[in-house]
Amino acid sequence: MDKHYDVVVVGAGNGGLAAAAVTSQAGFKVLLLEKHNIPGGSASSFKRGRFEFEPSLHELCAVGKPDQLFDTGKLFKRFGAEVDFRYEDNTFRAICTAEDGYDVRMRAGEDNFCDDLEAIVPGCRESLKAWFELERGDQRTLDYIDSKNGKPNPLMMILKHGNFMRDTSYTVEEVQKALGMPEKARNILNTYWGYLGVPTDELNSFHYMTMVASYVRDGAVMPYKRSHEMSLALEKAITDNGGDVWYNSEVVKFLYNEDGSCAGVQLKSGEKIYAKEIISNVIPNNVYAMSDIKYVPEKELRLANSRTLGLSFVTVYLGMDCSKEELGVEDYTTFISKYANPRECYNHRNEGAYYVVNCHNVAIPDASPEGTCMLFYTIPMMEEDFPKDLKPEEYKKWKNSVAKRFIEDSEKVLGIDITSHIEEIEVATPVTFARYLGTPAGEIYGYQMAGWDSILPRIMAAPTDFTVKNLSYCGGHAERGDGYSCAYMTGMLTGDAVVRRLKGGK
Amino acid sequence: MKKVDISSLNPAKFIKLVPSRDQIIASNPANPIPHQDTYAANKIAKALHPDKQFVKIAKVEAFSPDVKRYTFVPDTDKGTTALAYFSAGQYLSVSLTVGKAVLTRPYSISSGPADALDGFYQLTIKRVNGGLATNYILDNWKEGDSVEVSAPLGTFKYEPLRDAKTVVGLAGGSGITPFLSFARAIAKGEEDMHLTLLYGSRTRDDILFKDEFDQIAQSCDKIKVVYVLSADSAENCESGFLTADLIKKYAPEGEPYSVFMCGPQAMYDFADGEIAKLGLRSKFVRHELFGEYHNPERNADYTAPASETCTITVRVRDEKTSVTASVNDTILVSLEKNGIAVPAHCRSGECGWCHSKLVSGDVYVPASVDGRRLADFDYGYIHPCCTFPLGDVEIVVPAK
């Protein structure tokens with residue numbers, strides 16, 4: 001028998017969880033469908049031997065402290081989802097092995113960060129301070145736009161919020177250069193580019209600033225029991241609200257009414273589920289593949305064809321049979337690059353020019369048994385980088401060869417012995433993400449946040465980009481781009497919009 | 001002094017953000033989007049990890065009335081055209097219907113990985129006294145039968161970045177099956193490792209695959225097989241058990257080696273004690289899955305409930321059912337006996353495929369097989385395959 005809900009959410013990734021939490025909290029009958037047997041998408045955990053690994057999260061931003069919560073922290077509080085967050089003291093260590101390279105450690109806190117960078121690049125302080133000040137100004141503009149319900153007075157924008165208009169229109173490096181920031185300071189400050197997947201000569205300034213300021217000023221956090229803890233906390237919020245969550249329930253078809261509005265979804269089992277509103281945490285490309293093409297608006301196809309799939313990764317998870325002290329790792333996050341400039345790193349990514357090594361136990365000392373620690377490597381990989389002719393039977397050898405290369409490189413760069421301490425190893429690649437997330441080419445970052453397709457135009461164009469009635473999107477592929485906090489936020493905002501519509505508002 | 005600000009940048013650019021974006025979108029074609037399965041990474045994911053595989057029994061070889069080897073080929077009538085490649089040591093989870101019971105069983109693949117590319121898998125199955133599945137299989141499966149199996153699964157495999165170059169394999173009884181796959185993979189150059197296999201059997205007649213092992217060992221100098229008989233003595237065989245001394249005798253000298261073991265629980269208990277004497281680092285010791293857990297009452301931390309039976313209320317999607325169960329069976333087994341299909345693969349607490357929510361009631365999970373994630377404990381999640389009810393319970397199970 002066909003089933004009817006107020007809201008069906010497809011996909012229990014971060015965006016889908018937040019969307020289901022919002023709509024169920026508002027009292028609507030909600031069903032969250034997930035093809036895997038646990039929630040979270042990338043936000044989960046897995047066990048090997050005595051280790052429970054964090055699969056994807058590096059640092060969660062915009063949480064804040066209990067007495068001063070920021071967006072992500074407020075979101076968890078709003079849903080009554082309690083998570084044991086642990087705070088970090090340092091933002092990162094960045095090692096650049098180029099001739100003009102460096103090895104720097106940056107402390108968290110705006111003043112610390114400025115002091116540290118000034119010590120490395122004397123004379124950069126003023127431009128760095130101005131950069132953080134710009135970011136604060138941007139937040140004031142956002143508050144103003146919010147206060148006008150998203151319809152700011154254009155004249156006020158030009159007179160009072162010109163810097164916001166500049167920040168959202170120019171690249172990271174254009175803004176930094178306008179501030180007169182020295183090149184070396186720019187390169188160090190732009191170390192985080194990989195978290196957004198676009199080098200900083202193309203990445204939007206506002207987008208990057210918001211993220212960096214959040215890490216530096218508000219401090220970054222990690223959930224004590226891996227991301228699985230956050231996903232289960234949100235799942236509980238949904239079921240406590242009376243929402244249903246079905247696992248092993250893959251959607252294979254989107255159903256439409258004659259007038260082109262979305263009617264519901266069909267499961268692999270054949271069961272059809274109808275709803276007043278359908279929220280997809282699944283990337284539009286996949287939704288189109290599951291839809292009768294006549295119901296997909298032409299503009300959406302053009303948009304999808306104009307976009308490049310976002311980053312995927314090779315990630316290496318190591319359970320080490322020695323402590324972090326015995327290993328000689330002091331930093332939670334170490335960025336290793338072969339070039340100082342992000343564009344060079346991006347262009348040479350297939351030669352191993354940029355990767356991240358995390359040691360979970362620095363943030364959470366007892367994350368693994370005493371006398372052990374965990375390492376987590378993140379190596380960016382685009383769709384075009386994946387070997388096209390690789391055969392399934394060659395896959396294991398290929399992924400191990402990639403892992404070996406980066407493990408050995410990090411041993412050289414850090415001057416430590418890693419190989420002989422590996423007690424557990426797992427290597428994930430775009431194949432792994434294609435398997436578990438079902439995304440095209442195993443992408444994790446949705447669509448690349450290209451210069452022309454940056455955050456503000458995405459947000460402003462959203463109402464005209466996606467026009468199928470009763471169908472909305474959330475997640476890393478949505479307006480705000482990749483990252484846990486962005487995915488949560490789009491889920492919440494999409495959920496809020498759906499609630500307004502269901503209540504008869506506009 | 002120059003003012004540090006961004007006034008040199010033109011704010012009016014903002015007004016053009018959306019129009020110039022729209023222009024780019026309009027200049028692109030409205031062609032259908034490439035399907036996800038056209039990407040190389042998705043193709044490999046699908047080839048290595050199909051949701052399920054339908055196979056047909058092509059051959060049955062009876063080594064004895066209690067041990068048979070089954071050769072499976074793709075059941076093209078049901079849509080399986082190729083078999084997924086695997087790593088030596090992995091298993092298939094076989095789906096069975098026995099009377100009204102629906103169940104799964106994990107069996108190590110005894111054929112080599114390359115054989116899958118040639119279109120066949122082999123499983124060698126030994127009768128377990130009173131075993132529901134093995135009795136059914138040995139007495140019923142015949143050539144031409146169609147069987148549903150999972151993709152190859154399991155983490156009992158050789159990892160060159162983790163394991164020593166030489167693996168000393170300890171096999172007990174039917175625990176020999178994955179090692180035949182390892183030997184084949186080494187002989188074909190699919191795995192770059194050495195294998196010294198200490199294969200424990202009761203008598204000479206109980207040895208499985210002797211001809212095959214001897215043949216492979218003769219043609220490949222990376223493989224050595226030592227037969228160890230516990231209740232017999234024979235030429236070229238060791239007598240006794242898989243002791244520390246025996247391991248030392250055959251392990252490479254002066255270089256590290258890994259120990260991989262597969263066999264019954266009693267063998268693990270004994271071998272773990274022997275390995276402790278060798279002082280191996282834990283990274284060099286690997287166990288294949290422990291298998292289904294029985295007799296929780298033998299554990300000191302188990303308190304037997306007053307009643308031998310209980311009611312399990314189970315919700316799958318929006319359907320709720322109640323079944324009567326024995327407290328001596330795992331929740332998974334009780335559901336299966338009552339014809340409720342539950343997702344399950346390893347049945348040993350490890351893989352988490354049966355991950356289910358305990359809504360109410362008390363349960364017992366033996367610590368040695370408790371493979372749950374940390375947060376599962378806070379949110380009432382259990383693995384029904386190794387969880388015993390201590391009274392009436394209600395659970396939510398994902399659909400199979």
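## Basis

The model is predicted: local features need pLDDT of at least 70, side-chain atom pairs count only at pLDDT 80 or more, and totals for chains, interfaces and linings use all residues. Residues are numbered from 1 along each chain as its sequence is written, chains are lettered from A and ligands numbered from 1 in the order in which they are written, and side-chain values use heavy atoms, with hydrogens and water left out.

## Interface of chains B and A

On the chain B side, 73 residues are in contact with 99 residues of chain A. Contact means heavy atoms within 4.5 Å. The two chains bury about 7,300 Å² between them, 60% of it on carbon and sulfur atoms. Buried area is the accessible area (1.4 Å probe) that two parts lose on being put together, summed over both. In chain B, the residues that lose the most area to chain A are B:Arg21, B:Leu161 and B:Arg317, together 11% of what that side buries.

Between chain B and chain A, 41 residue pairs are in polar contact, both at pLDDT 80 or more. A polar contact is a pair of N or O atoms within 3.5 Å; within protein, one must be able to donate a hydrogen and the other to accept it, and residues adjacent in sequence count only if both atoms are side-chain atoms. H1(B) gives the most to the side of chain B that touches chain A, with nine residues. Helices (H or I, at least four residues) and strands (E, at least two) are DSSP runs, numbered from the N terminus.

## Salt bridges across the interface

The rule finds 12 salt bridges across the interface of chain B and chain A. A salt bridge is a side-chain nitrogen of Lys or Arg within 4 Å of a carboxyl oxygen of Asp or Glu. One joins B:Glu191 and A:Lys396 (3.5 Å, N to O).

Another joins B:Arg21 and A:Asp465 (2.9 Å, N to O). This pair crosses from helix H1 of chain B to helix H18 (residues 455–465) of chain A. B:Arg21 is buried at a relative accessible area of 1%, and A:Asp465 is buried at 2%. Buried means under 20% relative accessible area, exposed over 50%, partly exposed in between (1.4 Å probe, protein chains only).

## Salt bridges within chain A

Over all chains, the structure holds 65 salt bridges. A:Arg343 and A:Asp201 form one (2.8 Å, N to O). A:Arg343 lies in helix H14 (residues 342–347) and A:Asp201 in the loop between helix H8 (183–189) and helix H9 (205–218), so the pair ties together parts 142 residues apart in sequence. A:Arg343 is partly exposed at 22%, and A:Asp201 is partly exposed at 32%.

A:Asp385 and A:Arg349 form another (2.6 Å, N to O). They are 36 residues apart. A:Asp385 is buried at 13%, and A:Arg349 is buried at 9%.

## Aromatic pairs

The count is 46 aromatic pairs over all chains. Rings of Phe, Tyr and Trp (its six-membered ring) pair if their centres lie within 6.5 Å; planes under 30 degrees apart count as stacked, over 60 as edge-to-face and the rest as tilted. A:Tyr395 and A:Trp398 have ring centres 6.2 Å apart and planes at 35 degrees, so this pair is tilted. Both residues are buried.

B:Phe63 and B:Phe209 have ring centres 5.7 Å apart and planes at 85 degrees, so this pair is edge-to-face. B:Phe63 is partly exposed at 35%, whereas B:Phe209 is buried at 5%.
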